[in-house]
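Here are a few notes to go with the model. Have a look at it first, then read on.

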Amino acid sequence: MKSFEIFDESDSLAEELQEVIDLPLFDNSSKIRTSDVACSLSLEHWHSARALLRAGLLSSALVVHRAQFEALTRSIWLTYAASDEQIAKLTADLSLESEQAAKNMPQITQMMQALEKSGPHQAYAALARFKGNSWKVLNSYAHAGIHPIRRHHDGYPLKLLHDVLRNTNGLAVMSCMQAVVLSGQQPLQRTLLELAGRRSACMPPSL
């Protein structure tokens, strides 16, 4: 595969996935609607990361990739582990008071701990595997640590750009699987996995 073809393959995958998840929500509850917003945010980060990677802007793409993972985790946490009070804090109109109230919202470690207890095993396992493999490096990029300092100075290997693109696509498929859950159409998860399988050149090896 030529260097640019993986990005075209990724764009085709994005179009195919979007067609599958263009569905109404299962219900109009705050839990489902807020989970959907977080899921949509994760997919927006995916599109942004892909555009940055196509432009060769690896460090910025990895910062957005970290946000992609956090938004996906937030969506799944909201679905399976968040309390009504926590959901209410995230759905309040923006103000200084609501900002302060939401200040102590669980972050990634706390959300993962909650999902381990009450979330779907497969979703938790996939998130935990990603976090175990990538979190330290993503934090380094988010906080201008050794990884972005050295890579930005030395240049970005093409293989690294491609590997990060594959990882963003892998998370995006998980986000789409979450989207069909929020629509009450869980059997469509198989369709999503089949689409990803047909685009294996732009997917991580583990999916």
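**Notes on the helices**

1. A196 sits in helix α10, residues 188–198. Helices here are DSSP runs of H or I with at least four residues, numbered from the N terminus. At 5% relative accessibility, A196 counts as buried, the cut-off being under 20% relative accessible area with a 1.4 Å probe, protein chains only. Its C-alpha lies 8.8 Å from that of N169, 27 residues apart along the chain.

2. A word on sources: this is a predicted model, with local features needing pLDDT of at least 70 and side-chain atom pairs counted only at pLDDT 80 or more, while totals for chains, interfaces and linings use all residues. Residues are numbered from 1 along each chain as its sequence is written, and side-chain values use heavy atoms, leaving out hydrogens and water.

3. Helix α2 (residues 30–54) has 25 residues and spans 36 Å from first C-alpha to last, close to the 36 Å expected at 1.5 Å a residue (1.5 Å times one less than the number of residues). After α2 comes G56, with a positive phi near 80°.

4. What do the buried residues of α2 pack against? Their partners are α1 (5–21), α3 (58–80), α4 (84–91) and α9 (158–182). Among those buried residues are I32, C39, L43, W46 and L53.

5. α3 also meets α7 (residues 121–142): the axes come within 10 Å and cross at roughly 145°, with axes fitted to C-alpha atoms over the stretch in contact and angles running from 0 to 180 degrees between N-to-C directions. Contact (heavy atoms within 4.5 Å) involves residues including L62, F69 and I76 of α3 and L127, F130 and W135 of α7.

Note on methods. Helix = DSSP H or I, 4+ residues; strand = E, 2+ residues; numbered from the N terminus. Buried < 20%, exposed > 50% of the residue type's maximum accessible area, 1.4 Å probe, protein only.
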